[in-house]
Amino acid sequence: MTELVDSMLDLMRRLPPTRTEENVNALITICPDYADDLLGSVDQPLQLKTDRATGRVYLACDYNRDGESYRSPWSNEYDPPLDDGTLPTPRLRKLEIMANEAFDTYREMYYEGGVSSVYLWDLEDGGFAGVVLFQKSMTPSSNQEPSGSWDSIHVFESSERGRQAHYKLTSTIMLQLTTHQASEEGGENEKKVAAAANPGNTKYKDIQFKCSGEVTLSGSMTRQLEQDWPIHDQSSHITNTGRMIEEMEIKMRNSLQEVYFGKTRDIVYDLRSVEDLERARRQRELQKELVGFIKR
């Protein structure tokens, strides 16, 4: 059993991140007995659903799923309806409502849109756990505009130790970006290649090309953090987890921007120059000549 699940997870790590949901469904079709193990181990893009009772949008994932139904954080009801679905205790449900209101404000401040949801549940050792979800999507109005989505999944556990609480936070960010570029006129390099391939045909000297391209960048990043924070009442848990999530998202965003995007840009620019290489070579030679004159 363990070997089969490990093999499926190893396979998922080698498949395209943009088709995670499709690949998970295919594996579940092949091995339906291990559906819960696979769904609980693979992070999938968050799904948008609408609460029938309140009309508000919420995020669905494996943490608010019971069978084929998903619990709404706004009405605390399952859709499709489920009579024996797992629900938080009244005390924890009160904290869940407060957490949803607090992180909805956080979402508006940092994301300026999107959707957020918070779900809490009790642990057997007396503590509780929860998940904070954020999603922001960019829908293009035309084929030339970029599209993408940002999914944040923050799972935490809390155990009280006197007047302090110990928190374990596991944060996962799934990012998907697709850019489109189209141009009616080709660059100098494209014209030179066409003219060299057809030296006897003068029409290639002023030919116009239609260049188009699509770049898809997708993947996920997971980080963990453990900290102890003082607690004064139940609302302290929201303050403490909010501070940890804020710090983690800032670090992960900076890492994505500086390391992943920066490294990707360096690789692309090393593979192909967006400028005429001959012109760049002449500019470097001119710079060397000017430096030589200055030294004299």
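Reader: At what angle do the axes of helix α1 and helix α2 cross?
Author: In this predicted model, the axis of α1 (residues 2-13) and that of α2 (residues 20-30) cross at roughly 155° and come within 11 Å, where an axis is a line fitted to C-alpha atoms over the stretch in contact, and the angle, from 0 to 180 degrees, is taken between N-to-C directions. Helices (H or I, at least four residues) and strands (E, at least two) are DSSP runs numbered from the N terminus.

Reader: So are α1 and α2 roughly parallel or antiparallel?
Author: They are roughly antiparallel to each other, because of that angle (under 35 degrees counts as roughly parallel, over 145 as roughly antiparallel, 65 to 115 as roughly perpendicular, the rest as oblique).

Reader: Which residues of α1 and α2 meet there?
Author: From α1 come Met-8, Leu-11 and Met-12, and they meet Thr-20, Asn-23, Val-24 and Leu-27 of α2, with contact meaning heavy atoms within 4.5 Å. Sorted by class, this contact has five nonpolar residues, two polar ones and no charged ones.

Reader: OK, other pair: how do the axes of α4 and α6 cross?
Author: Helix α4 (residues 90-110) and helix α6 (residues 235-271) have axes that cross at roughly 30° and come within 10 Å, and these two helices are therefore roughly parallel to each other.

Reader: And which residues of α4 and α6 make the contact?
Author: On the α4 side, Leu-95, Met-98, Ala-99, Ala-102, Phe-103, Tyr-106 and Tyr-110 take part, while α6 brings Ser-235, Ile-238, Thr-241, Gly-242, Ile-245, Glu-246 and Glu-249. That contact has nine nonpolar, three polar and two charged residues.

Reader: New topic: which residues does the cis peptide bond join?
Author: The cis bond runs between Asp-79 and Pro-80, with an omega of about -5°, and Pro-80 is in the loop between β5 (78-79) and α4.

Reader: What is the phi of Asn-76, and where is Asn-76 found?
Author: Although Asn-76 is not a glycine, its phi is positive, at about 65°, and Asn-76 is located in the loop between β4 (69-71) and β5. As background, most residues other than glycine have a negative phi, and most peptide bonds are trans.

Reader: Last one: what applies to the numbering and the values?
Author: Residues are numbered from 1 along each chain as its sequence is written, and side-chain values use heavy atoms, with hydrogens and water left out. As the model is predicted, local features need pLDDT of at least 70 and side-chain atom pairs count only at pLDDT 80 or more, whereas totals for chains, interfaces and linings use all residues.

Note on methods:
Nonpolar A, V, L, I, M, F, W, Y, C, P; charged D, E, K, R; others polar.
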